[in-house]
Amino acid sequence: MRKVLAGLLWDIGLPLVVYYAGRILGYDVLPALAAAAGAALVRVACIAVVRRRLNGLAAFVGGTFALLLVVSLLTGDPRILLAKESVLSGAAGLLLLGSCLLGRPLVYTIARKANAAKPQLLAEWDDRWHTQPTFRQHFTTLTTVFGGVLLADAIIRLILVYTLPVNTMANLSPAMHVAALALLITWSLWYRNHRHRRMAALKR
């Protein structure tokens, strides 16, 4: 789980940090967004070169920044730029929830990739996946909660983008992003401890 969260912090957090750093330094919205998109794309390139693989989430983040930048330039609407987190969070939320409907929770897939160098562990997981409903339910619960929180964040953020003043929402948006991430981390820790206590009680 720590690896998953660390990956999310890099893939989503890096462009946000660059964007708001640019705003703090006094750059207009469009140059700051362009720098954020560039940072995401540079990370994609570095991972592709060093690890010889393409990071899909980072590519999606960078592509979304670039696409919204082009749309904003064409329409002249700054609210499109403010809605970028909603696009990312909403897409991630739908992807997570959709994976549960397909019977293959995305958190489980990500966890397997994070442990690709441990074939014995993966073999054990394969066996538990087919024989233990509680094991499948564990990853389904994680994926559902993560997806639900991200989708709710996207909807609430999008409503606020088009109801609050642009400057107000620009300041509120990063706080909302941090709050959603903190909520997910807090819940994950609680759920892990709760699951461990329940498993320990069953073994008595």
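D153 forms a salt bridge with R157, and their closest N and O atoms are 3.0 Å apart. A salt bridge here is a side-chain nitrogen of Lys or Arg within 4 Å of a carboxyl oxygen of Asp or Glu. Both D153 and R157 lie in helix α8, four residues apart, which is about one turn of the helix. Helices are DSSP runs of H or I with at least four residues, numbered from the N terminus.

D153 is buried, at a relative accessible area of 9%, and R157 is also buried, at 0%. Buried means under 20% relative accessible area, exposed means over 50%, and partly exposed lies in between (1.4 Å probe, protein chains only).

## The model and its confidence

This is a predicted model, in which local features need pLDDT of at least 70, side-chain atom pairs count only at pLDDT 80 or more, and totals for chains, interfaces and linings use all residues. Residues are numbered from 1 along each chain as its sequence is written, and side-chain values use heavy atoms, with hydrogens and water left out.

The protein chain has an average pLDDT (the predictor's confidence in each residue, from 0 to 100) of 80, and 83% of the residues score at least 70. Confidence is lowest in helix α1 (residues 2-24), with a mean of 69, and highest in helix α8 (residues 133-161), with 92.

The whole structure holds two salt bridges. One of them joins R112 and D126, with the closest N and O atoms 2.8 Å apart. This pair links distant parts of the chain: R112 is in helix α6 (residues 106-114) and D126 is in helix α7 (residues 119-131), 14 residues apart. D126 is partly exposed, with a relative accessible area of 29%.

## Aromatic rings

A search of the whole structure finds eight aromatic pairs. One of them is Y108 with W129: the ring centres are 4.4 Å apart and the planes meet at 15°, so the pair is stacked. Rings of Phe, Tyr and Trp (its six-membered ring) pair if their centres lie within 6.5 Å; planes under 30 degrees apart count as stacked, over 60 as edge-to-face and the rest as tilted. Y108 in helix α6 and W129 in helix α7 are 21 residues apart. Y108 is buried at 0% relative accessible area, and W129 is buried at 8%.

W125 and F135 form a tilted pair, with centres 6.2 Å apart and planes at 55°. Ring pairs link Y108, W125, W129, F135 and F139 into a cluster.

How values were computed. Helices (H or I, at least four residues) and strands (E, at least two) are DSSP runs, numbered from the N terminus.
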